[in-house]
Amino acid sequence: PHRFWASVEPYCADLTNEEVRVLEELLKPPEDEAEHYKIPPLGKHYSQRWAQEDLLEEQKDGARAAAAADKKKGVLGPLTEIDTKDVDSLLKKSEAQHEQPEDGCPFGPLTQRLLQALVEENIISPVEDSPIPEITGKDSGADGAGTSPRSQNKPFSVPHTKSLEGRIKEELVAQGLLESEDRPAEDSEDEVLAELRKRQAELKALSAHNRAKKHELLRLAKEELHRQELRQRVRMADNEVMDAFRKIMAARQKKRTPTKKEKDQAWKTLKERESILKLLDG
């Protein structure tokens with residue numbers, strides 16, 4: 001029985017102020033709560049990253065093969081080594097081809113929408129309909145600097161378009177025309193991003209549920225502390241009633257009538273006990 005009561009005692013013991021303070025500490029939001037709701041920036045596409053890893057792996061394999069051939073033949077082939085600069089140039093070319101839009105415009109969606117809002121329709125005639133003056137060989141020069149990109153059939157490219165897109169977005173957010181949580185259109189169908197936002201919404205709902213339960217538990221704990229104080233007062237009132245009862249019984253054993261003071265004390269202790277019990281029941 002002693003082992004049983006020792007195991008049950010933590011579940012039946014009275015609450016303490018320390019336990020209430022622990023609940024109040026749990027209600028404080030953690031410092032890293034905002035970290036769980038941040039969306040990391042979109043990294044490099046896996047095809048580009050894998051291509052870079054494959055090229056680096058081939059570079060290492062070529063270096064090992066060249067070293068083995070050098071040990072056997074004593075001559076290192078000049079075409080077996082791949083320079084790191086060549087790898088970087090190949091990657092840049094592949095990225096440029098991958099990021100080239102279908103319509104040939106290098107500007108981002110925000111830049112295009114902003115420029116379209118500033119241009120009135122039917123003011124400027126299309127480029128195809130406008131007469132293009134013919135340039136003679138003397139005016140064009142020997143280096144062909146006067147030829148247009150359209151005649152050369154080269155893709156139109158403008159440098160620093162990504163930084164321009166980012167700066168335009170920051171300015172629109174600062175002016176309140178665009179929400180900071182808006183993401184580019186290409187991310188709207190991203191399965192990973194959709195799953196991340198779904199889990200974040202579930203985390204918010206679960207956090208709110210836990211916080212509500214903690215508030216309820218804290219309220220019940222404070223009420224229980226008040227009831228514990230009332231039960232302690234009831235025990236003290238019981239002791240006073242028993243003392244008054246012993247005095248009256250001792251007087252009867254001595255075959256004398258209890259004094260008025262003893263009777264008044266007994267009635268007073270009984271009334272105090274009844275008032276405390278009413279508070280406890282209420």
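In the predicted model, 13% of the 282 residues of the protein chain count as buried. The secondary structure consists of 10 helices and zero strands, and the order of elements from the N terminus is accordingly α-α-α-α-α-α-α-α-α-α. Among contacts in the protein chain with a separation of 6 or more, 72% come from residues 24 or more positions apart.

Helix α9, residues 191-253, takes part in two helix pairs described here. In one of them, α9 packs with helix α2, residues 17-27, at an angle of about 160 degrees, and the two axes lie 10 Å apart. Because angles over 145 degrees count as roughly antiparallel, α2 is roughly antiparallel to α9. The crossing of these two helices is left-handed. On the α2 side the contact is made by Asn-17, Val-20, Leu-23, Glu-24, Leu-26 and Leu-27. The contributing residues of α9 are Arg-211, Lys-214, His-215, Leu-217, Leu-218, Ala-221, Lys-222 and Leu-225.

In the other pair, α9 packs with helix α10, residues 260-281, at an angle of about 155 degrees, with 9 Å between the axes. This angle makes α9 roughly antiparallel to α10, and the crossing of α9 and α10 is again left-handed.

Helix α8 spans residues 161-174 and has 14 residues. The distance from its first C-alpha to its last is 20 Å, close to the 20 Å expected at 1.5 Å a residue. Four residues of α8, namely Thr-161, Glu-165, Ile-168 and Leu-172, are buried. These residues lie on the same side of α8, because the arc they cover around the axis is only 65 degrees. An α-helix has 3.6 residues a turn, so residues three or four places apart point the same way. The buried residues of α8 pack against α5, residues 109-118. On the face of α8 turned away from the buried side, the exposed residues are Lys-162, Arg-167, Glu-170 and Ala-174. Gly-176, which follows α8, has a positive phi near 80 degrees.

Definitions and conventions:
Residues are numbered from 1 along each chain as its sequence is written. This is a predicted model: local features need pLDDT of at least 70, side-chain atom pairs count only at pLDDT 80 or more; totals for chains, interfaces and linings use all residues. Side-chain values use heavy atoms; hydrogens and water are left out. The expected span of a helix is 1.5 Å times one less than its number of residues. Buried means under 20% relative accessible area, exposed over 50%, partly exposed in between (1.4 Å probe, protein chains only). The arc is that of the directions from the helix axis to the C-beta atoms. Contact means heavy atoms within 4.5 Å. Axes are lines fitted to C-alpha atoms, for helices over the stretch in contact, and angles run from 0 to 180 degrees between N-to-C directions. Angles under 35 degrees count as roughly parallel, over 145 as roughly antiparallel, 65 to 115 as roughly perpendicular and the rest as oblique. A crossing is left-handed if the near helix is turned anticlockwise from the far one by less than a right angle, and right-handed if clockwise.
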